[in-house]
Amino acid sequence: MTQAMTQPATAEQDLAIEVKGMHKWYGDFHVLKDINLNVKRRERIIICGPSGCGKSTLIRCLNRLEVHQRGEIWIDGIELNDDLKHIEKIRRDIGMVFQQFNLFPHLTVMENCCLAPIWVLKKPRREAEETAMHYLERVKIPDQADKYPGQLSGGQQQRVAIARSLCMNPNIMLFDEPTSALDPEMIKEVLDVMVDLANEGMTMLCVTHEMGFAKTVADRVIFMDSGEIIEENDPESFFSNPQSDRTKLFLSQIL
Amino acid sequence: MGALFFFALFDLHMATVEHPQKTAWWNNAHNRALLFQVLLAIGVSLFFAFIANNTIHNLQQRGISTGFAFLKQKAGFGIIQHLIPYTENDTYGRTFIVGLLNTILVSALGIICATILGFIIGVARLSSNWLVSKLAGIYIETFRNLPLLLQIFFWYFAVLQALPSPRNSLHIGEKFFLNIRGVYLPSPIFQQGFGWVAGAFILAILATIILKRWAGKRQEETGEQFPVFWTATGLILLLPMVAYFATGRPLSWEYPVLKGFNFQGGITIIPELAALLIALSVYTASLIAEIVRSGILSVSHGQTEAAAALGLRPGKILRLVIIPQAMRVIIPQMTSQYLNLVKNSSLATAIGYPDLVSVFAGTTLNQTGQAIEVIAMTMAVYLTISLTISFFMNWYNARSQLRER
Ligand SMILES: Nc1ncnc2c1ncn2[C@@H]1O[C@H](COP(=O)(O)OP(=O)(O)O)[C@@H](O)[C@H]1O
Ligand SMILES: [Mg+2]
């Protein structure tokens, strides 16, 4: 806080995501309780916690797929509120990868990647296709460009989903358990792509139980339970020296 | 079929256990399948030959000659609605055409109205507005759960027959009239020079096609979007208007006028047509609405979320992501609703709308006694219409299906 007061300008510019005292309810059910979270640019954050503790809800609040009821969320200096213009800007700025891939099954891989650049960024098709090809090469499936999602394996589909998000040239990427729906032999190919992305300096928030991945790339691990952030630490200390009992219990169950 | 399938399986089983010895020809899977098909074909032929023989025999005994000569004979009865000129002095053959056109008229109008109404109500059912969604729900539950015949009676006897007499017609500006005898509309009269207006209309359509191509190409190249829809709407309205005024307004209207007990002039929609059309449209729309609703719901919410996360706006999400996927669920079911509507239109008989069944398979059959020929012709018509609709819908469906592995 004191740092922020002395150098407000730089401190704010360095923050990609700022969440202050955020709460969310589903009806009477208090899903997220007083969430405070600052994410610096290029920072890579892993969120973990038992099933149903509100991890998905938290990251879905960040691009307004869910609406928070109290507190503030700032993304790249823009406040996330009812203002549709703000929501639009923020969604262009944030890419999201889902557990179930959610590729558009009626469009080819190439068309999946070009849809938003053409209709949202208003790019010429040629340019959109070039960008798409570039990212498809990066996720190592340029040869599948003309196939339909239904013709691909789960791992390939998830890599297409990552490429599709990257085509919008986002500053921040959100991942919601990107490997949970995959067969074990496909998990690595997706994680490899994510490690590459992390090494290139993408700001990432990733909900995952892949602790190996967390150890390799994370700057910080956040542990949540029943809608609260219980503990956060660098991966080294988090895994070797967990503070709270709940964290210890959780780690003992998954490791 | 079941038997054939069973034997085919049986043979497959035999083939796996048998050693490569010489098999009797009837134990060969191919031969045996063929044998059963030949036997089946012979059986079916014998059955039909028996029926045909029997019928011809009966007809001969009653002194009715077979064949289609009766189509040339004078019909001698009137038909209250004919899209082509028709009088009592015309032939039975012509009653067939008149009835056929009436069936096509009510079916085609019904399909159009039911589709539009059904889509609106189906989408309304999914509205987040509580009242709109509830009203749509009540509509669907009411109309799809009442027998269609009852609904036809409702519109014909309870609604249309309760309208005032021609003298006390309901009207809009003395130009549109509604009374117990039907709906009366002004009819257009095209004068010299109207060709220019029609020409301008066609020109506007052509311009729209070119515009759409151009806009698509420009978007491919520069990414800029062009408001094609609004420009095209403007063109299509404006060009004919300009031509209309430039050529000195070559269009006038003939208004229906009350003469004696009834209206003369203009276009008349008889109450039988109105009742049947309303009933068919309203009933089928309730079924289409459910199809549309389930089609849209069949697209998982994840699709909407993924599209929203990419920054697409709700309108574009609906157009580019949801509708194209919903259509592949909607179209096959729509086909059967269209077919049902066409077949249900034969309930016309109940209120005396002169459709094919009522006129041809009804009055003409009764007067001539040519049951076989009349029923065969009528069946052929319904088959043709149904197969045409199926063919068209299948073709459309094939284009919208997903490709999977
Ligand atoms: N749309 C919803 N309505 C009501 N409750 C919900 C809804 N979505 C999630 N929940 C509840 O909120 C809690 C947190 O869900 P979620 O964020 O998906 O958990 P996680 O991703 O950590 O497994 C769960 O208990 C879940 O049952
Ligand atoms: Mg989750």
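# Exercises on a predicted two-chain model with a ligand

An oxygen atom of ligand 1 is 2.4 Å from an N or O atom in the side chain of A:Thr57. The model is predicted, so local features need pLDDT of at least 70 and side-chain atom pairs count only at pLDDT 80 or more, while totals for chains, interfaces and linings use all residues. Residues are numbered from 1 along each chain as its sequence is written, chains are lettered from A and ligands numbered from 1 in the order in which they are written, and side-chain values use heavy atoms, with hydrogens and water left out.

## Exercise 1: the ligand

Task: Which residues are around ligand 1, and which polar atoms lie by its oxygen atoms?

Solution.
- Step 1. Take each residue with a heavy atom within 4 Å of the ligand. The residues around ligand 1 include A:Tyr26, A:Phe29 and A:Val31, and also A:Lys55, A:Ser56 and A:Thr57.
- Step 2. Look for polar contacts (pairs of N or O atoms within 3.5 Å; within protein, one must be able to donate a hydrogen and the other to accept it, and residues adjacent in sequence count only if both atoms are side-chain atoms). A:Lys55 places a backbone N or O atom 2.9 Å from a ligand oxygen. A:Ser56 has a polar side-chain atom 2.6 Å from an oxygen atom of ligand 1.

## Exercise 2: the interface

Task: How many residues does each chain give to the contact, and what area is buried between chain A and chain B?

Solution.
- Step 1. Count residues in contact (heavy atoms within 4.5 Å). Chain A gives 32 residues and chain B gives 28 residues.
- Step 2. Find the buried area, which is the accessible area (1.4 Å probe) that two parts lose on being put together, summed over both. The value is about 2,700 Å², with 57% from carbon and sulfur atoms. In chain A, the residues that lose the most area to chain B are A:Phe104, A:His106 and A:Trp119, together 23% of what that side buries.
- Step 3. Search for salt bridges (a side-chain nitrogen of Lys or Arg within 4 Å of a carboxyl oxygen of Asp or Glu). The rule finds two across this interface. B:Glu305 pairs with A:Arg60 in a salt bridge whose closest N and O atoms are 2.5 Å apart.
- Step 4. Count polar contacts between the chains. There are seven residue pairs, both residues being at pLDDT 80 or more.

## Exercise 3: a link within chain A

Task: Which parts of chain A does the pair A:Arg41 and A:Asp76 tie together?

Solution.
- Step 1. A:Arg41 and A:Asp76 form a salt bridge, with 2.9 Å between the closest N and O atoms.
- Step 2. Helices (H or I, at least four residues) and strands (E, at least two) are DSSP runs, numbered from the N terminus. A:Arg41 lies in the loop between strand S2 (29–40) and strand S3 (44–48) of chain A, and A:Asp76 in the loop between strand S4 (70–75) and strand S5 (78–79), so the pair ties together parts that are 35 residues apart in sequence.

## Exercise 4: one serine

Task: Where is A:Ser244 found, and what does its side chain reach?

Solution.
- Step 1. A:Ser244 is in the loop between helix H10 (235–240) and helix H11 (245–254) of chain A.
- Step 2. Its side chain reaches the backbone nitrogen of A:Arg246 at 3.3 Å. The side chains of A:Ser244 and A:Thr247 are joined by a polar contact of 2.9 Å.
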